[in-house]
Structure formats: C-alpha cells, structure tokens
Amino acid sequence: MGIIKNTFYLSHGSPMLSIDESIEARSFFQSWQRDIFKDKPSAILVISGHWDTKKPSVNVVHRNDTIYDFYGFPKPMYQLKYTPPGSPQLAKRVKELLVASGFKTVHEDTKRGLDHGAWVPLMLMYPEADIPVCQLSVQCDKDATHHYNMGKAIAPLKDEGVLIIGSGSATHNLRTMQPSGSPVASWAAKFDTWLKNALLDGRYDDVNDYEAKAPYAKRAQPWPDHFYPLHVAIGAAGESSKAKLIHHSWDNGTLSYASYQFTADK
C-alpha cells in the first residue's frame, strides 16, 4: 500500500449497529471497500471515543480481543467476535511520533483489545479481519486542540500506508435518545448542520473551538469523548485538507451518523 491521502471521522452510533439491519448507516459501513476506500491499507489506526486515558495510550498486542463495553443489549451481540491482528510495530511508531512532537508520556497497553467504537464499524467495513489494527486513546480532560495536535503528530503515518480513522458520533447525548424512527430534535439538527458547514468550509479553528462557536454544543456533546476523534482526524489530514460528507443519517431522534472524509491538498 502506498501513500494514503485521506483520514476519516466515522459516527458509529449505537452498538446495535452490529446486528440491527434496520439502522440506515449499516449499509454505509458495509459498502466501505466498494464505494469509499477501495485500496487495502497496510494497517488501521483507530482513535475511539470509548478509550479515555489520562495520557495518550496505544495498544501493543499481537492479536486483538473483542471488548464488549456495553450493557443490557441482546445476547447475540456478546457472541460476535472480531479479532484482527494487532500491530506492535505501528503502536511503537505512533508513540515515537507523539513523543517527537512534544507529547512527553505515551503509555503502551499490552492487554487491551478493540472496544466497540473500533470493532463494530470495522466488522462491517473489513469483515475479513485480516488487516492489523491498533488503537490510540483520547484524553477527555484535555481540549480539542490537544487532539488536533495529536493528529498533526501522527500525520506521517499516511505516507506509510496507515489508514487513520476517528470513531465517535457527530452528536452523542444518550440521555436524550428516543425510540428508533423518532423525528430529529431541532437542537441536534442545528448542531449537526453547524458542524457540517464548518467542516465543508474548512473552518477547522471553529471546530477546535466548538464549545464556544457551535449552537447547543454542550447538549449535543455533553462529554467530549465521541467528538475528540474528529479533531485527531482533522489534524492528521492537514490544515488545508478538504472535508467531504460521506454519509448522513439519523436514529433515535438525536443520534447523528454523519461521517466525513478529509483529503490532503497535496
């Protein structure tokens, strides 16, 4: 695999995505290799909103286990397995790049597998599970610019054939979710539209300052764990990258599956 020009932010929504064929976004993930990204990467680095640590951390494993980090869902979901190879080499390269860019401490986790922010979408995107996968954590006690700078630090990975994916949700307030098929809440739609316009216009500084700039920011993202993977993806793409909305759907009234591709300008 040669140079990769794209990074991605994917809204993985509910864990039910793994089995519920009525979720519209499911077909988007299943069409990934056909319609979105046809080349096979050398490895995949996932920044998931479900791994929050005090310091940046990478998982250094030879084979990824499947982590069932959700509760009260249908039994078949706990029987799913997605165990692609790990990539200790990529993990150490991520650490090397972060340390060289001023992130003084980067931890190596030698036991952690893939949380559902990683394995649920990847199971649909790459069902063969034959591409090495590594995870990088977020730090919810830091700000968006911290994560944007993390992305800038790991940008060279694209030249090494690594596919960088931020996995979260464009809106993520679980307490406001409604039954599937409910109409979209106006506040969620307004935040989602602001985000789309800001990204497509290249106003990445505004996205980094979303808490002050976006309408209903705290309601749409009461905790930043599912939003910070976006900032990593933007940072890794480059300051003058172009954003493209590659999927958009809603579920549960307030859960946006908006997903974006960022393409370097050169």
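This is a predicted model: local features need pLDDT of at least 70, side-chain atom pairs count only at pLDDT 80 or more; totals for chains, interfaces and linings use all residues.
**Entry on helix H3**

I began with helix H3, which runs over residues 88-100, and asked whether its length fits its residue count. At 1.5 Å a residue its 13 residues should span 18 Å, and I found the end C-alpha atoms 18 Å apart, which agrees. Next I looked up which of its residues are buried, and the list I wrote down holds Pro 88, Leu 90, Ala 91, Val 94, Leu 97 and Leu 98. An α-helix has 3.6 residues a turn, so residues three or four places apart point the same way. I then looked for what covers the buried residues of H3, and noted that the cover includes strands S2 (43-52), S3 (57-59), S5 (133-138) and S6 (162-168), together with helix H5 (144-154). After H3 comes Gly 102, for which I noted a positive phi, near 105°.

**Entry on the aromatic rings**

I turned to the aromatic pairs, of which the count comes to 16. One pair I followed is that of Phe 8 and Trp 32, which is edge-to-face, with 4.8 Å from centre to centre and 70° between the planes. Because Phe 8 lies in strand S1 (residues 6-11) and Trp 32 in helix H2 (residues 32-36), this pair ties together parts that are 24 residues apart in sequence. Both Phe 8 and Trp 32 are buried.

Tyr 68 is partly exposed, at a relative accessible area of 23%, whereas Phe 70 is buried, at 4%.

Last, I noted one aromatic cluster, formed by Phe 8, Phe 28, Phe 29, Trp 32 and Phe 37.

Key: Residues are numbered from 1 along each chain as its sequence is written. Side-chain values use heavy atoms; hydrogens and water are left out. Helices (H or I, at least four residues) and strands (E, at least two) are DSSP runs, numbered from the N terminus. The expected span of a helix is 1.5 Å times one less than its number of residues. Buried means under 20% relative accessible area, exposed over 50%, partly exposed in between (1.4 Å probe, protein chains only). Contact means heavy atoms within 4.5 Å. Rings of Phe, Tyr and Trp (its six-membered ring) pair if their centres lie within 6.5 Å; planes under 30 degrees apart count as stacked, over 60 as edge-to-face and the rest as tilted.
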